[in-house]
Amino acid sequence: MLHYPDIRLKQVSVPVSSFDQALREFLCDLEDTMRASPGCVGLAAPQVNYFQRIVIVDVSGKPGIAHNGRMLLVNPEMVSREGEAVGREGCLSVPDYTGNVARAERICVRAQDGNGEWREYRCEGYEARAVLHEIDHLDGLLFLDRLVSKRELFRRKAYRT
Amino acid sequence: MKRWYMLTVVGRDQPGIVAALTDALFRAGANLGEASMVRLGGSFTIMMMVETEQDESGIRALLGPAGLSLGLKLHVDTIEAHLHSHVEPNVRVTVYGADRPGIVAQVTAALASRGFNILDLESDVAGTPEQPIYVMTIDGHSAESATAIEKLLLPLREKGVEVGAEPLETLVG
């Protein structure tokens, strides 16, 4: 696991081009690493020092929220995003820090699976936040790049309701 | 031997306070830790962790010139740093209403009665001098749910104060 300030976390990952056995083994390893970290709902390949465009998200352990189950996203692309919500985020690559981040409330993302088949996913709320957090890693972005202050949070909220 | 101190600073707000103090600390070889610096009313306030080989009076002496020229009151306490052990808040309490004495006391008494640990409290007096409003957000750690905390605070609504509690969930990815 890479930890900031390791500058490798700031690099842009390259698309996956071969959907072979090595990729499928990596996907299994990535999932094992995510599941071994208590409370972790997503992981991106660059966090484990592998700079290809691969993320995994699984928020199904959180009660009472909409989700797509386990999502293995290879070469993910944003199709659409709407709304905005501020929520608290932390990251296995940034120990002992959490902060408020504004993310889209609803997204549509398309990605390939381990066999290279394209699929579209619609995500909202917590799951959308997790997908956006992980895809950011592929572009060398951490939640530290998107922090908003708590005062900002209250104002945004006060305006909306 | 290096030790950690909590430096407290209060003075009339003006540009250059942080720069002057942190420059003096940096030149003296001090290291800074976590800090909260904010303008409250017309005052600028600083609570800042400082690590240095100086003792308390040494810190006061090295900040003396900057403090004097900017009209700042300085206070230094020796502390244990306990860095890298953030406690994650799990409930946010928001409070607002017409400003009147007792809001903070009543809200926090209720929270304390349930062992709610306040980690971060921000409050502002807004509105106009004739009709001030009070706005407060509290992030804390609670063994009880946000729903239970909100229920606990509901009687305050009858006194004209808007109160709410919501769960803070931290996504870890």
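Predicted model: local features only at pLDDT ≥ 70, side-chain atom pairs only at ≥ 80, totals over all residues.
**Entry 1: chain B, overall**

I began with the make-up of chain B. I counted four helices and nine strands there. Read from the N terminus, the elements go β-α-β-β-α-β-β-α-β-β-α-β-β. I also looked up the extent of the C-alpha trace of chain B, which is about 55 × 45 × 30 Å along its principal axes.

**Entry 2: a sheet in chain B**

Next I went to a sheet in chain B. What is the strand order of this open sheet of four strands? I read it as β2-β3-β1-β4, with antiparallel pairing. The edges are β2 and β4 (72-79) of chain B; each has a single partner strand, so one side of each has no neighbour in the sheet. On average, neighbouring strands here are turned by 15° against each other, ignoring direction.

I then checked one pair of strands. Strand β1 (residues 3-12) of chain B and β4(B) run antiparallel and are joined by eight bridges. In β4(B), B:K73 is the residue opposite B:V10.

Two helices go with these strands. Helix α1 (residues 17-27) of chain B lies across β1, β2, β3 and β4 of chain B, at about 15° to β3(B). Helix α2 (residues 56-70) of chain B lies across β1, β3 and β4 of chain B, and its angle to β4(B) is about 160°.

**Entry 3: a sheet with strands from A and B**

Which strands make up the open sheet with mixed pairing? I found four, in the order β8(A)-β5(A)-β4(A)-β9(B). Its edge strands are β8 of chain A and β9 (170-172) of chain B, each pairing on one side only. I looked at β5(A) and β8(A) too: they run antiparallel, with two bridges between them. A:V101 has A:L147 in β8(A) opposite.

Helix α2 (residues 125-138) of chain A lies across β4 (85-91) and β5 of chain A together with β9 of chain B, running at about 55° to β4(A).

**Entry 4: other pairings and backbone details in chain A**

I followed β3(A) to its pairings. Strand β2 (residues 54-57) of chain A runs antiparallel to strand β3 (residues 71-82) of chain A, with four bridges. There, A:V57 is opposite A:M71. β3(A) also pairs with strand β6 (residues 106-112) of chain A, antiparallel over six bridges. A:M78 faces A:V109 in β6(A).

I jotted down two backbone details. The peptide bond joining A:Y4 and A:P5 is cis, with omega about 20°; A:P5 sits in the segment before α1 (21-35) of chain A. A:N49, in the loop between β1 (42-44) and β2 of chain A, has phi near 70°, a positive value in a residue other than glycine.

**Entry 5: the largest pocket**

The lining has 38 residues, and B:E34, B:A35, B:H86, B:L119 and B:D120 are the ones nearest the centre. Elements giving two or more residues to this lining are β5 (94-103), β8 (147-148) and α3 (150-160) of chain A, along with β2 (31-40), β3 (43-52) and β6 (117-127) of chain B. By type, I read 18 nonpolar, 10 polar and 10 charged residues in the lining.

Why does the largest pocket lie between domain 1 and domain 2 of chain B? Both domains give residues to its lining, so the pocket lies between them.

Technical notes. Residues numbered from 1 in each chain as written. Chains lettered and ligands numbered in written order. Heavy atoms only, no water. 1 Å grid on protein atoms, 1.4 Å probe; cavity = no way out; pocket = protein on both sides within 12 Å on 5 of 7 lines; lining within 4 Å. Nonpolar A, V, L, I, M, F, W, Y, C, P; charged D, E, K, R; others polar. Domains from an automatic or database assignment. Pairing = 2+ DSSP bridges. Contact = heavy atoms within 4.5 Å. Axes fitted to C-alpha atoms, helices over the stretch in contact; angles between N-to-C directions.
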